[in-house]
Amino acid sequence: MAQMMRKDIGDLLFQGKVITQEQLVQAREMQSKTGQDLAEVLKENFQVSAWHILTARGYMAGMKAIDLEKNPPDPSCLNLIQPRIANLHKIIPVMKTAQNGQNILIVALADPNNLMALDDVQQATRIKPQPVLADAKQVEALLKKHYDTAQETAPVPAEKSAAPAEPAGSGIADITKAIGEMGDYDTEAIADGDDSEVVQGPVMRIAHSIIQEAVKAGASDIHIEPGARNVRIRYRVDGVLHEVMTLPRYVHPPLSSRYKIMAEMNIAERRVPQDGRIGINYQNKDYDLRVSCLPTLMGEKIVMRILDKGNVMIGLNKLGFFPDTMTQLERLFTQPNGMLLVTGPTGAGKSTTLYSVLNRINSVERNIMTVEDPVEYQLPGISQVAVLRKAGLTFATALRSFMRQDPDIIMVGEIRDLETAEMAIQASLTGHLVLSTLHTNDAPSSVTRLVDMGVEPFLVSATLIGALAQRLGRRICENCKEQYEVDAVEIANLGYKPEDPSEKLQLWRGRGCEKCRYTGYKGRIGIYEMMTVNADVAEMVVRRAPVSEVRNAARANGMKTLQEDGLRKVLAGITTPEEIQRVVFTGGH
């Protein structure tokens with residue numbers, strides 16, 4: 001399927017003279033304030049027809065649009081696809097045709113990014129599908145008319161009965177069934193790479209179900225790890241890995257090949273690491289999977305990072321900032337120039353914080369540019385550049401080009417070396433606000449990290465306006481939350497100082513329930529340390545003062561440490577002392 005073009009739906013509708021330039025500007029302003037989809041804004045406020053929007057979306061996805069009321073499906077095609085597949089993927093077979101001597105099945109999709117639908121259609125029909133984009137309401141109406149779900153007689157597994165009904169043949173049950181089907185064939189041939197259609201059908205279902213189950217569980221990563229006798233599948237949920245299933249060893253070769261095909265990797269290359277990406281749609285939400293394949297002694301280990309494209313619109317007010325920290329942060333990112341850093345280890349939520357800041361300050365009056373490796377989320381109205389080292393496009397070279405693009409705000413995905421640091425500092429010195437990330441344990445250490453890279457201290461002092469260190473801790477599950485009493489001295493290691501040694505405190509914890517997978521936690525909350533650079537801190541930077549002195553000066557200026565912010569969230573009943581101990585405390589602190 002063709003990759004999405006850089007122009008968004010508003011640009012295409014303006015180019016097609018459906019809306020005026022003035023209407024497009026007004027619509028973008030409304031979108032930035034409400035967070036609504038631009039198409040919905042145009043439909044509700046500027047009377048843009050659903051057909052025009054559908055046509056534009058199809059053009060962006062590289063496919064034609066179809067009006068299913070004017071072009072109803074050929075009755076002879078409807079029985080080519082099983083009701084289970086049609087209802088699962090929201091698709092309608094429209095007609096059969098021939099192109100260059102090859103049979104083609106025109107298939108109407110409600111979602112242009114559903115690659116899994118085309119895989120399943122080809123497997124079920126043995127005919128190459130050609131997708132066209134249709135209105136979701138028209139697709140739903142035809143599904144009810146021609147593919148009544150009552151036709152599906154497969155029972156829902158007992159353990160799923162309390163959950164919303166799943167399409168028959170999906171989830172863990174389908175994985176078990178698919179493995180059983182594979183077991184009917186020569187497992188040694190499968191392990192040697194048999195790619196026959198009888199094998200690929202079950203493998204496709206296993207591959208798709210593993211991803212769907214991970215999305216349903218709210219996982220951020222999927223780990224597929226080959227062992228001597230089996231394949232272990234683990235999901236990272238709220239920052240912690242959980243083993244969810246094991247598969248027979250013979251499933252691994254075709255399964256890893258399947259994921260490599262989906263991620264557009266070279267399936268014949270098994271000796272070197274590879275990276276790719278998979279775009280999926282599940283329950284009308286778009287997800288981007290970053291896939292990493294690594295050769296190990298037991299075979300290729302595959303890890304998939306799941307990026308929910310809706311998370312970028314989460315909003316700063318939902319990230320867990322206390323009002324005083326939020327006020328400090330807002331004062332910094334509304335500055336006309338200077339450099340603001342977000343620091344922390346990998347997986348601490350730095351990118352989400354920066355995207356939320358960009359979403360807050362994005363407006364028609366500002367030219368915002370980002371350089372990232374890779375671009376994790378697409379933000380409307382912002383020019384985003386992806387690093388491409390093979391072509392010589394690095395953070396530093398992109399920043400050098402940005403200076404000729406009249407930017408107001410620049411976001412650098414990460415400052416990794418002296419050249420990038422110097423370019424970022426040069427940009428902030430010449431009147432731009434620069435946002436970036438850095439790998440340090442706390443906010444004050446960001447100063448010494450830049451100096452250690454080779455940046456002159458007086459330049460750091462002149463440009464750095466603040467540093468935000470952060471971690472992600474698990475939230476207590478709201479469904480099974482309960483209060484308990486504890487001696488105050490037991491949380492003294494978090495910095496709590498009881499007035500009376502016998503003082504008791506009322507804290508909260510999760511009892512464990514089905515919703516939180518019996519962990520007592522569901523969702524995550526940010527733990528923050530906001531350092532603003534005042535005259536005292538700036539003077540210490542110039543004279544290369546130790547980190548301890550910088551930290552004391554920052555605390556005197558109102559900085560709450562990670563430990564103190566964590567303690568406040570424990571006392572507020574948001575998380576637990578054990579979780580703060582796990583994510584905040586590091587060696588030497």
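A salt bridge here is a side-chain nitrogen of Lys or Arg within 4 Å of a carboxyl oxygen of Asp or Glu. The model is predicted, so local features need pLDDT of at least 70, side-chain atom pairs count only at pLDDT 80 or more, and totals for chains, interfaces and linings use all residues. Residues are numbered from 1 along each chain as its sequence is written, and side-chain values use heavy atoms, with hydrogens and water left out.

Across the whole structure, the search finds 29 salt bridges. One of them joins E482 to R511, with the closest N and O atoms 3.5 Å apart. E482 belongs to strand β17 (residues 481–487) and R511 to the loop between β18 (504–510) and β19 (521–532), so this pair ties together parts 29 residues apart in sequence. Helices (H or I, at least four residues) and strands (E, at least two) are DSSP runs, numbered from the N terminus.

For accessibility, buried means under 20% relative accessible area, exposed over 50%, and partly exposed in between (1.4 Å probe, protein chains only). E482 is partly exposed at 25%, whereas R511 is exposed at 55%.

Next, E539 pairs with R543 at 2.8 Å between the closest N and O atoms. E539 is partly exposed at 41%, and R543 is partly exposed at 44%.

How far apart are the closest N and O atoms of R582 and E579? The distance in this salt bridge is 2.5 Å. R582 and E579 are three residues apart in helix α22 (residues 577–584), about one helical turn. R582 is partly exposed at 40%, while E579 is buried at 1%. Elsewhere, salt bridges with shared partners join E225, R232, R234 and K301 into one network.
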